[in-house]
Amino acid sequence: MFEAGQYNKAMKNFRQALEISREFKKEIEIARALKRIGNVYYQQDQYDKAMEHYQKALTISRKLKKEGEVATDLADIGDVHYAQDQYDKAMEHYQKALTIS
């Protein structure tokens with residue numbers, strides 16, 4: 001996803017995007033920035049931090065009733081479970097994502 005050594009730059013940019021989105025109260029953009037921060041953590045095998053950000057994004061997506069975003073968030077959460085060998089939980093989240101999309 002990111003070139004080697006680019007994680008810090010990506011994280012800085014996504015955190016800046018999150019800050020700006022919060023400043024302007026753009027909730028869907030807040031969710032997207034959280035998801036992107038989660039992606040950086042995921043790529044670095046920091047699954048707990050990735051999960052935390054994906055869960056926050058999911059909460060916002062559900063609140064805004066953005067079904068496509070909810071499906072993506074659920075799939076991202078499934079990916080974390082899969083990476084942690086929690087296959088039943090991964091399948092559960094993938095199936096929820098598929099019923100929405």
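Is the crossing of helix 4 and helix 5 left-handed or right-handed? It is left-handed. The views below show a predicted model, where local features need pLDDT of at least 70, side-chain atom pairs count only at pLDDT 80 or more, and totals for chains, interfaces and linings use all residues. Residues are numbered from 1 along each chain as its sequence is written, and side-chain values use heavy atoms, without hydrogens or water.

**View A. Helix 4 (residues 67-83) and helix 5 (residues 87-100) cross at roughly 165 degrees.** Their axes come within 8 Å. Helix 4 is therefore roughly antiparallel to helix 5 (angles over 145 degrees). Left-handed means that the near helix is turned anticlockwise from the far one by less than a right angle. Contact means heavy atoms within 4.5 Å. Residues of helix 4 that meet helix 5 include V70, L74 and I77. On helix 5, A90, H93 and A97 are among the partners. By class, this contact has eleven nonpolar, three polar and four charged residues.

**View B. Y82 and Y87 form an edge-to-face aromatic pair.** Ring centres within 6.5 Å make a pair, and planes over 60 degrees apart make it edge-to-face. Here the values are 5.2 Å centre to centre and 65 degrees between the planes. Y82 is partly exposed, with a relative accessible area of 48%; Y87 is partly exposed at 44%. Partly exposed lies between buried (under 20%) and exposed (over 50%), using a 1.4 Å probe and protein chains only.

**View C. Helix 2 (residues 27-43) and helix 3 (residues 47-64) cross at roughly 160 degrees.** Their axes come within 8 Å. The two helices are roughly antiparallel to each other. Helix 2 passes helix 3 in a left-handed crossing.

How values were computed: Axes are lines fitted to C-alpha atoms, for helices over the stretch in contact, and angles run from 0 to 180 degrees between N-to-C directions. Helices (H or I, at least four residues) and strands (E, at least two) are DSSP runs, numbered from the N terminus. Angles under 35 degrees count as roughly parallel, over 145 as roughly antiparallel, 65 to 115 as roughly perpendicular and the rest as oblique. Ala, Val, Leu, Ile, Met, Phe, Trp, Tyr, Cys and Pro count as nonpolar, Asp, Glu, Lys and Arg as charged, and the others, Gly among them, as polar. Rings of Phe, Tyr and Trp (its six-membered ring) pair if their centres lie within 6.5 Å; planes under 30 degrees apart count as stacked, over 60 as edge-to-face and the rest as tilted.
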